[in-house]
Amino acid sequence: MTEGAKQYEGRRIHPDRLRRFSVRVMERCDLSRSQAEETAEVLVAADAWGVFTHGTRQLVPLMNNVRQGAIDAKASPQVISAEGGCALVDGRNAMPMVSSRLAMRTAIGLAREAGAAYAGVRHSNHFGAAGYYAMMAAEAKMIGIAMSNVDVCMSVPGAAGPVIGTNPIAYAVPAGRENPVFLDIATSVVAVSKVFSAKASGQPIPPGWLVNEEGHSSTDPNDYPEHATILPMAGHKGYGIALLIEVLSGVLTGSSFLGGIKRWVDDDPLPADQGHAFLAIDIERLMPLASFTERMEAMVSEVRSARKAGASGRIFLPGEMEWDRRSEAYRNGLALPDFVIENLVRVARDTDSTGALDFAFDIRKPQ
Ligand SMILES: NC(=O)c1ccc[n+]([C@@H]2O[C@H](COP(=O)([O-])OP(=O)(O)OC[C@H]3O[C@@H](n4cnc5c(N)ncnc54)[C@H](O)[C@@H]3O)[C@@H](O)[C@H]2O)c1
């Protein structure tokens with residue numbers, strides 16, 4: 001750990017304080033208060049779920065994109081069309097979280113009228129954890145699905161290098177007295193950020209994540225991306241689903257797809273031009289919400305009570321680990337991993353916000 005980060009080691013930070021710090025950082029980079037708040041909301045939600053690779057750690061590359069001009073801090077996304085069950089949003093290279101929230105809000109609004117709706121986003125950037133947007137629909141008592149295309153970095157069966165992105169997909173389903181059932185995954189074996197985290201912490205990665213040009217598995221995260229490529233989850237099945245996401249997010253929205261997408265972490269002013277897709281299904285159109293959630297509770301209970309294998313004492317529903325971590329974060333504060341703290345220290349220094357970070361960690365009062 002660097003000297004600057006050491007003082008925060010072992011300290012917990014409340015999600016609300018982390019959100020306020022993030023807003024300050026983004027305002028210092030010329031974002032409006034409302035855009036900064038929307039973005040912070042998405043990033044801190046990911047941290048609270050324990051998805052640290054896609055939380056406030058992303059402030060460093062996002063603000064770098066703003067400084068370089070690849071994200072336009074002054075732009076606002078625009079709904080180009082919204083009728084029947086279809087909407088299209090032009091992200092205008094604005095903050096991707098703002099465009100994505102607008103698109104899911106639009107999909108939810110249309111689904112109330114039409115029963116179900118799709119909202120696509122074009123000309124966007126890295127939207128973070130897909131699950132946040134799926135959850136917006138679940139909070140509105142709908143079934144939500146969120147996805148995005150991503151710059152090419154994943155191999156496909158038969159290829160010697162990267163062909164497609166690790167295109168993430170998430171769904172969220174209201175489940176009555178249970179927390180929403182909520183899956184949020186990359187279509188690769190793991191999200192690329194996990195390879196970078198292993199690289200940063202000097203840890204090897206498990207076999208089966210990376211494949212080199214000779215087709216052999218690599219456990220050295222330093223091989224990525226120059227000498228090895230990440231594999232799709234479940235072979236051809238993950239590849240096939242990633243391709244559907246590419247169609248719904250990139251081809252259908254008029255955004256870039258596959259090799260047309262620029263790597264958002266590159267240090268240049270070219271927009272990433274990613275596309276996203278959001279779907280909302282209004283449950284009430286098919287059955288009363290109470291009947292649906294009762295059926296969901298029954299489904300959850302049947303899964304949970306299945307016979308456990310070996311020493312396994314618990315079967316988790318998708319999202320259950322995240323809900324557990326979230327309640328712990330709000331009860332006792334977030335225990336951020338070192339790589340997140342390092343990133344917060346860096347972005348605090350870059351934006352003259354070190355005092356605000358001290359305050360967020362409760363080290364000293366703001367001046
Ligand atoms: N914006 C982007 O460009 C981009 C690209 C790729 C991934 N991502 C994000 O990266 C994050 C992590 O992706 P990942 O593929 O590494 O996720 P992961 O492999 O950690 O899987 C997480 C999901 O699996 C569920 N899960 C885990 N173990 C479970 C178990 N035993 N039983 C039931 N459910 C279980 C979790 O509840 C969660 O929904 C996601 O938030 C994703 O949206 C974003």
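**View 1. The residues around the ligand, sorted by type.** The shell around the ligand holds 16 nonpolar, 7 polar and 3 charged residues. Here Ala, Val, Leu, Ile, Met, Phe, Trp, Tyr, Cys and Pro count as nonpolar, Asp, Glu, Lys and Arg as charged, and the others, Gly among them, as polar. You are looking at a predicted model, in which local features need pLDDT of at least 70 and side-chain atom pairs count only at pLDDT 80 or more, while totals for chains, interfaces and linings use all residues. Residues are numbered from 1 along each chain as its sequence is written.

**View 2. Who comes nearest to the ligand?** Of the 26 residues around the ligand, the nearest are A129, A130, P168, A186 and A191; a residue is near if its C-beta atom, placed from the backbone, lies within 6 Å. Strand β6 provides the largest share, 4 residues. Helices (H or I, at least four residues) and strands (E, at least two) are DSSP runs, numbered from the N terminus.

**View 3. The ligand and the two domains.** Domain 1 (1-186 + 234-285 + 336-367) and domain 2 (189-231) each give residues to the shell, so the ligand lies between them. The domain bounds come from an automatic or database domain assignment.

**View 4. Helix α8 and its cover.** Which residues of α8 (residues 236-251) are buried? They are G238, Y239, A242, I245, E246, L248, S249 and G250. Buried means that 20 or more other C-beta atoms, placed from the backbone, lie within 10 Å of the residue's own.

**View 5. A sheet of 3 strands.** The open sheet runs in the order β8-β7-β9, with antiparallel pairing; two strands pair if DSSP finds at least two bridges between them. At the edges are β8 (217-218) and β9 (228-230), each pairing on one side only. Strand β7 (residues 210-212) is joined to β9 by 3 bridges, and L210 stands opposite I230 in β9.

**View 6. Stepping back to the chain.** The chain contains 12 helices and 10 strands. Its C-alpha trace spans about 55 × 55 × 50 Å along its principal axes. Of its 367 residues, 49% count as buried.

Technical notes:
A residue is buried if 20 or more other C-beta atoms lie within 10 Å of its own, exposed if 12 or fewer, and partly exposed in between; C-beta atoms are placed from the backbone.
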